[in-house]
Amino acid sequence: MIPVIGLAIGIVAGLVLKPTVPTDLQPYLPIAIVAALDAVIGALRALGERRFNDRVFVVSFISNVVIAAFMVYLGDQLGVGSQLSTGVVVVLGIRIFANAAAIRRRIFHA
Amino acid sequence: MPERSWRSLFRPSVPLVVAAILLGGLALAMIAQINAKDTDDYSGVRGDDLVELLKSLDATNERLSTQIDELTTTRNGLLDSTKRTEKAEKQAKLRAEQLAILAGTVGAKGPGVEVVIDDPDKNIDAAGLLDAVEKLRDSGAEAIAINGVARVVAQTYFLDDDDQIRVGGREIKRPYRIEAIGDSSVLAGAVRFPGGVMDGISILGGTASVTEQKKVTITALADVKAPEFARPSS
């Protein structure tokens, strides 16, 4: 329940404050968001399978975000930024789909 | 065990609070990113991407220029054809008007003459009247009507019917009044000159008089019959 409250507060804060993305973070934020979404979907799946662990969630969330942002940064330094970010997004997208499919199977048995 | 993990969601623990903060941050970041997407700001775009963007813009620009050229050509062609169509339409309209006057399907007005033929002794027959009309036509009458009821066109016939004369099926009474549109002085000359209408009528035993008029209005229409056998050959 507390994470849901946190989510609600975040949405309200976003709508009220209308934050702008710092220029330095602009290339990394989209990837970081996708990585975080992957962690959140994974957590939802774990929740449904009754093996949710808050510690694991926090660690996976942070590591996902950091690694994704770092990969994009590294790609930028190596001159393959756009390709690498595409790759990261693809991999994360596959994971999100897989987790979503698991959740779907559990809820609808289909 | 499952019971406990559900209950743990409602009991504040440090990792859970951290998770809540993380989720809040995620929501905040997403909204910020969505807002940033709305602004046309390229400051955060990578150099490579900018080059790609520029290239694609160039390509689009080129494609659109070609398209503009093509469309301009098409438009000019259409304008031309519209102009041509307008011209053709104007000409066709003019031609239709001319033909309508010739065929007697519309009224006509213009300068002309009025010839009054008095025939107290009923000596003038259809041939005599036709002769007078022919003389007027020969001298350039473009529209002719008799007594204001009978329009004289190509198909009009003149017929003796007892004491009366029928013109195109219409009975006309004495005195005959021929209205003709054309060059009024030429028409009047055709009536007056020796061997003209006046002479012809007086030989038959009637009298004719002519008045030149600035404006003659003919409202009588000829009965138009659609051709039964003849068809346009072109």
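Predicted model: local features only at pLDDT ≥ 70, side-chain atom pairs only at ≥ 80, totals over all residues.
User: How are two packed helices described, and what are the values for helix H2 and helix H4 of chain A?

Analyst: Two packed helices are described by the angle between their axes and by the distance between those axes. In this model, helix H2 (residues 29-48) and helix H4 (residues 81-108) of chain A pack at about 20°, and their axes are 9 Å apart. Angles under 35 degrees count as roughly parallel, and therefore H2(A) is roughly parallel to H4(A). The crossing in which H2(A) passes H4(A) is left-handed.

User: Which residues make that contact, and how do they divide into nonpolar, polar and charged?

Analyst: On the H2(A) side the residues include Ile31(A), Val34(A), Leu37(A), Ile41(A) and Arg45(A), while on the H4(A) side they include Val88(A), Leu92(A), Arg95(A), Ile96(A) and Ile103(A). The residues of this contact divide into 13 nonpolar, 4 polar and 4 charged.

User: Is Ala43(A) buried or exposed, and which residues is it in contact with beyond its neighbours in sequence?

Analyst: Ala43(A) belongs to helix H2 of chain A, and because its relative accessibility is 11%, it counts as buried. Leaving aside neighbours within four places in sequence, Ala43(A) is in contact with Phe52(A) and Phe57(A). Its C-alpha atom is separated by 9.3 Å from that of Phe61(A), which is 18 residues apart along the chain.

User: Where does Arg50(A) lie, and what is its phi?

Analyst: Arg50(A) lies in the loop between H2 and helix H3 (54-78) of chain A, and its phi is near 60°, a positive value in a residue other than glycine. With 42% relative accessibility, Arg50(A) counts as partly exposed. In chain B, Lys122(B) has phi near 55°, again positive in a residue other than glycine, and it is placed in the loop between strand S1 (108-118) and H4 of chain B.

User: What is the strand order of the open sheet in chain B, and which strands are its edges?

Analyst: The order of this 3-stranded open sheet is S4-S5-S6, with antiparallel pairing, and the edge strands are S4 (158-161) and S6 (170-172) of chain B, each pairing on one side only. Neighbouring strands are turned by 35° against each other on average, direction ignored. Helix H4 (residues 126-138) of chain B packs on the sheet, touching S4, S5 and S6, and its direction makes about 155° with that of S4(B).

User: Which peptide bond is cis, and where is its proline found?

Analyst: The bond from Arg174(B) to Pro175(B) is cis, with omega near -10°, and Pro175(B) is found in the loop between S6 and strand S7 (176-181) of chain B.

Key. Residues numbered from 1 in each chain as written. Chains lettered and ligands numbered in written order. Heavy atoms only, no water. Axes fitted to C-alpha atoms, helices over the stretch in contact; angles between N-to-C directions. Helix = DSSP H or I, 4+ residues; strand = E, 2+ residues; numbered from the N terminus. Parallel < 35°, antiparallel > 145°, perpendicular 65-115°, else oblique. Left-handed = near helix turned anticlockwise from the far one by under 90°. Contact = heavy atoms within 4.5 Å. Nonpolar A, V, L, I, M, F, W, Y, C, P; charged D, E, K, R; others polar. Pairing = 2+ DSSP bridges. Buried < 20%, exposed > 50% of the residue type's maximum accessible area, 1.4 Å probe, protein only.
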